[in-house]
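Thanks for coming. I will take a few minutes to walk through one chain.

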Amino acid sequence: MRKLTFGMNLSLDGYIAAPGNDLGWSVPSDELFQWWSDRVGATGLALYGRKLWETMSSHWPTADQQPGATPAEIEYARRWRDMPKVVFSSTTSTVDWNTRLVTGDAVTEITRLKAEDGGHMDIGGATLAAAATRAGLIDEYVLVTAPVLLGSGTPFFTALDNWVNLTLMETRTFPDGVLLTRYETRR
């Protein structure tokens with residue numbers, strides 16, 4: 001059975017995006033960017049909700065061809081394109097870059113994917129991750145917390161039907177006061 005992880009950058013007050021999908025507060029240090037790049041390089045399958053897919057696919061497919069692209073950005077763009085991806089959306093009609101589109105029930109498909117052999121899976125996008133959390137499908141949570149308060153926006157966690165008990169597995173500090181915490185779901 002594959003492991004499913006939900007990990008994203010978030011503000012201290014728990015938002016992954018400020019109002020208007022503003023991500024300007026979450027620009028990573030070089031060290032954190034490399035950590036995310038290594039994670040993408042090790043991901044067996046990435047699961048995206050529509051909004052996060054639109055954000056990622058509007059930049060990373062050609063980021064390595066942009067003037068001034070750093071070696072780290074070039075590496076990330078290559079890793080991102082090569083990584084197998086599934087996008088869950090009822091409104092998107094086409095996807096590219098090693099990606100498959102699922103328009104049906106996300107929980108059913110994620111359950112099926114978890115039962116397959118293969119590398120670990122990452123899930124991204126608040127709405128998609130919330131559905132997987134409520135269904136008890138997420139095995140690990142990675143919170144990369146920036147020292148900023150946004151006050152509102154898109155929350156990392158949405159309303160749950162039941163508690164999810166977690167065990168702290170790792171903490172790591174990055175430049176600029178960014179703190180990574182990794183939790184495993186207690187079953």
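I will start with the model itself, then take the sheet, and then the helices.

This is a predicted model, in which local features need pLDDT of at least 70 and side-chain atom pairs count only at pLDDT 80 or more, while totals for chains, interfaces and linings use all residues. Residues are numbered from 1 along each chain as its sequence is written, and side-chain values use heavy atoms, with hydrogens and water left out.

Now the sheet. Eight strands form an open sheet in the order β5-β4-β3-β6-β1-β7-β10-β9, with mixed pairing. Strands here are DSSP runs of E, at least two residues, and helices are runs of H or I, at least four, numbered from the N terminus; two strands pair if DSSP finds at least two bridges between them. β5 (99-102) and β9 (166-174) are at the edges with a single partner strand each, so one side of each has no neighbour in the sheet. For β9, eight bridges join it to β10 (residues 178-185), and the two run antiparallel. One example is Leu-168, whose bridge partner in β10 is Tyr-183.

On to the helices. Helix α1 (residues 30-42) packs with helix α3 (residues 71-82) at an angle of about 25°, their axes 9 Å apart. Axes are lines fitted to C-alpha atoms, for helices over the stretch in contact, and angles run from 0 to 180 degrees between N-to-C directions. That makes α1 roughly parallel to α3, a label for angles under 35 degrees. Contact means heavy atoms within 4.5 Å; among the residues making it are Phe-33 and Trp-36 of α1 and Tyr-76 and Arg-79 of α3.

Conventions:
Angles under 35 degrees count as roughly parallel, over 145 as roughly antiparallel, 65 to 115 as roughly perpendicular and the rest as oblique.
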